[in-house]
Amino acid sequence: MLKKLHKIIGLSVCIIVIHLSITGIILMYPSTFKLLDTYYTNSYLYNLYGMFKASDVKVLESNDKDIGVIKSKLILSDMVLDTGNKDIIGILKINNLIYALKNNFLFLIEEGDFQLEVLKKEELPFSAKSIGISNEEVILKDVNNKYYIINKDLNFFLAPKNKDLNTQYSKSNLISTDKETADYFLFQVQGPGIQALRLLTDLHNGRFFGPLVMIIFSITSLAVIFLAISGTWISLNITLKRSAYKKRKHRRHN
């Protein structure tokens, strides 16, 4: 019975054991297989790992492309600032000050020499849909097409009715960009891509395939332990039986 069970389990897990052995050998020599220097930028892998893609990168519509947005992250040169959970829907840059808009939050950010610093964060009592400028004043436009004037302290008030902001308001638009620019901002946020070492490690432990395969791999590991113990027991049992048989045979001849 034990031999039959040993054989069935061995045949069942042999493919997975081969997979684990091959990937394990490669992982033992990362430099030889260039796992540390190889990166993948495949869209499928980016989706699988929840990483950003070129289509997630937005820049200002103007010619100033040194500032970019990826979801909730603001990137300026080699400085990255994460503004939280919700995505940034608009930015306005005036000298070294940056206004970053989410639907109901407004950030005032200062560009320093080495970092981006949030000077102030204000929760809005209305849902804004865009940010822009009119006569050097920062303007917010809400979902009801009402305009609010914002000062440097992020205090706001409803624009007077005599102001014709429908024609004077210049919206700051975030648009998609070319691949080279997108790759530059992506590099600042998540590096050159998915490292081969990380990918192979996830292939080895089953994470790449999801929770179900990880469970199968765990069961396989237990099965290998069983095979080692049962194989040892079967071998010892055969050896002991042969030894006992030789002793009985020797006694008979004597």
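Q: Let's begin with α4: how far apart are its end C-alpha atoms, and what span should its 12 residues have?
A: Keeping in mind that this is a predicted model, the end C-alpha atoms of helix α4, which covers residues 179-190, are 16 Å apart. At 1.5 Å a residue the 12 residues should span 16 Å, which agrees with that distance.

Q: Ok, and which residues of α4 are buried?
A: The buried residues of α4 are T181, A182, F185, L186 and Q190. Seen down the axis of α4, these buried residues fall within an arc of 140 degrees, so they line one face of the helix.

Q: What covers the buried residues of α4?
A: The cover includes helix α2 (43-49), together with the strands β2 (57-60), β3 (67-70) and β4 (73-76).

Q: How about the ends, what caps the N-terminal end of α4?
A: That is D178, which has a side-chain oxygen 3.3 Å from the backbone nitrogen of E180. Past the other end, just after α4, G191 takes a positive phi of about 75 degrees.

Q: Switching to strands, how many residues of β10 are buried?
A: Five of the seven residues of β10, which runs over residues 128-134, are buried, and the strand is therefore mostly covered.

Q: Which strand is joined to β10 by six bridges?
A: Strand β11, residues 137-142, is joined to β10 by six bridges, and the two strands run antiparallel. Within this pairing, S130 has K141 in β11 as its bridge partner.

Q: What sits between those two strands in the hairpin?
A: The hairpin of β10 and β11 has two residues between the strands, and N135 takes a positive phi near 50 degrees there.

Q: And where does β14 come in?
A: Strand β14, residues 170-171, pairs with β10 over two bridges, in the antiparallel sense, and G132 stands opposite K171 of β14.

Q: Zooming out, how many helices and strands does the chain have?
A: The chain has six helices and 16 strands, and of its 254 residues 33% count as buried.

Q: What share of the contacts comes from residues 24 or more positions apart?
A: Among the contacts in the chain with a separation of 6 or more, residues 24 or more positions apart account for 53%.

How values were computed
Residues are numbered from 1 along each chain as its sequence is written. This is a predicted model: local features need pLDDT of at least 70, side-chain atom pairs count only at pLDDT 80 or more; totals for chains, interfaces and linings use all residues. Side-chain values use heavy atoms; hydrogens and water are left out. Helices (H or I, at least four residues) and strands (E, at least two) are DSSP runs, numbered from the N terminus. The expected span of a helix is 1.5 Å times one less than its number of residues. Buried means under 20% relative accessible area, exposed over 50%, partly exposed in between (1.4 Å probe, protein chains only). The arc is that of the directions from the helix axis to the C-beta atoms. Contact means heavy atoms within 4.5 Å. A polar contact is a pair of N or O atoms within 3.5 Å; within protein, one must be able to donate a hydrogen and the other to accept it, and residues adjacent in sequence count only if both atoms are side-chain atoms. Two strands pair if DSSP finds at least two bridges between them.
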